[in-house]
Amino acid sequence: MKYSVIVPVFNRPDEVDELLESLTRQTCTDFEVVVVEDGSTTPCDKVCKQYEDRLDIRYFAKPNSGPGQSRNYGAARARGEYLLILDSDVVVPPGYIQAVGEELAHHPAVAFGGPDSAHPSFTPTQKAISYAMTSFFTTGGIRGGKKKLDKFYPRSFNMGIRRDVYQQLGGFSKMRFGEDIDFSYRIVEAGHQPRLYASAWVWHKRRTDFRKFFRQVYNSGIARINLEKRHPGTMKLVHLLPMVFTVGVILLVLVSAVGRAMIYYDAPHWHSWYWVCVLPWLPILLYSLLILADSTVRNRSLKVGLLSVPATFVQLMGYGFGFIEAWWKRCVKKQDEFTAFEKNFYK
């Protein structure tokens with residue numbers, strides 16, 4: 001067997017149903033599906049059973065231990081030469097498995113990954129969140145599938161690796177967030193170079209509302225500091241930008257508030273304070289208009305463009321706040337990874 005598709009799942013039976021349905025339409029069928037239920041209170045066993053006559057599928061249930069350990073559980077029971085690791089909230093196009101095979105034939109690699117995009121059926125909020133995560137004006141395009149990157153680090157929503165290499169490296173660590181980047185770093189540190197397979201893309205739902213999205217990117221900000229502690233020197237300038245953006249926005253708002261307070265209290269030369277009140281909002285407004293215009297054009301929807309503005313601020317500032325908290329706890333207070341964020345990840 002060529003491929004084993006590993007899918008960890010936690011309380012997402014409907015999304016698993018969509019993923020499995022998309023896997024039944026693959027033009028290449030030399031694969032099995034291994035679904036690992038990670039202690040869900042709403043299991044997907046009945047959903048998986050419905051596909052037993054259309055897919056080579058196996059379902060396992062285990063106590064909750066996080067996505068990384070669930071992938072390891074599935075990998076230990078996989079039979080394919082390559083492991084294709086997908087998140088439960090993705091949907092694959094009909095040619096996904098075939099694209100992986102063609103990429104492997106032309107550009108061999110022991111580890112690889114593909115980009116993601118928003119499906120036309122996604123809600124405007126999901127499309128706005130997808131834009132915030134992949135746009136050049138929000139993340140520098142580092143998650144959008146660019147081939148010009150000097151090094152590519154696959155992420156767990158769409159990752160592939162040869163099974164024997166996976167076993168040699170011990171799979172994913174016990175990190176509860178950022179574990180996929182940690183694994184990618186260890187792949188590179190072992191002397192392998194993961195490849196970006198641009199044609200092996202998936203549709204990725206990500207989060208369905210801004211509250212859940214904030215928590216996701218907040219945890220990503222925390223994970224970045226933890227990753228730097230585990231792999232010194234891996235933090236790049238682009239990883240600092242959301243923190244700089246967050247601090248900058250806060251300072252601009254505070255300056256504007258000072259100007260507004262001086263006007264309210266009728267301070268001397270209050271006309272000058274009027275500009276102190278207004279001008280700090282100008283860069284925020286200009287950036288918002290840039291996001292609005294770019295997203296509207298890319299998504300061909302003014303509604304998605306409008307939603308992309310708050311999605312962008314949630315993405316950058318959520319990450320920034322998580323980064324700052326982790327910096328304070330790990331770098332200033334010198335707490336270790338597990339005690340500093342036990343409530344966040346290590347329940």
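Trainee: Quick one to start: are Tyr 166 and Phe 183 buried or exposed?

Mentor: Tyr 166 is buried, and Phe 183 is too. Keep in mind that we're looking at a predicted model.

Trainee: Got it. How many aromatic pairs does the structure hold?

Mentor: There are 16 aromatic pairs. Take Phe 136 and Phe 137: their ring centres are 5.5 Å apart and the planes meet at 80 degrees, so that pair is edge-to-face.

Trainee: And how exposed is Phe 137?

Mentor: Phe 137 has 32% relative accessibility, so we call it partly exposed.

Trainee: Back to Tyr 166 and Phe 183, what sort of aromatic pair do they form?

Mentor: Theirs is edge-to-face, with 5.3 Å from centre to centre and 80 degrees between the planes. Tyr 166 belongs to helix 7 (residues 163-169) and Phe 183 to helix 8 (residues 179-189), so the pair ties together parts that are 17 residues apart in sequence.

Trainee: Which rings link into a cluster?

Mentor: Tyr 3, Tyr 82, Phe 112 and Tyr 197 do, through ring pairs.

Trainee: Okay, charges now. Which ring does Arg 71 lie over?

Mentor: Arg 71 lies over the face of Phe 172, 4.8 Å from the ring centre. Arg 77 has its charged end over the ring of Phe 60, at 5.8 Å from the centre.

Trainee: New topic: how many residues are in the largest nonpolar core?

Mentor: That core has 33 residues, and Val 33 is among those with the most contacts inside it. Helix 4 gives the most, five residues.

Trainee: What does Val 33 touch, leaving aside its neighbours within four places in sequence?

Mentor: Its contacts include Val 5, Leu 20, Leu 23 and Asp 56.

Conventions:
Residues are numbered from 1 along each chain as its sequence is written. This is a predicted model: local features need pLDDT of at least 70, side-chain atom pairs count only at pLDDT 80 or more; totals for chains, interfaces and linings use all residues. Side-chain values use heavy atoms; hydrogens and water are left out. Rings of Phe, Tyr and Trp (its six-membered ring) pair if their centres lie within 6.5 Å; planes under 30 degrees apart count as stacked, over 60 as edge-to-face and the rest as tilted. Buried means under 20% relative accessible area, exposed over 50%, partly exposed in between (1.4 Å probe, protein chains only). Helices (H or I, at least four residues) and strands (E, at least two) are DSSP runs, numbered from the N terminus. A charge sits over a ring if NZ of Lys or CZ of Arg is within 6 Å of the ring centre and within 35 degrees of the ring normal. A nonpolar core is a set of buried Ala, Val, Leu, Ile, Met, Phe, Trp, Tyr and Cys residues joined through side-chain atoms within 4.5 Å. Contact means heavy atoms within 4.5 Å.
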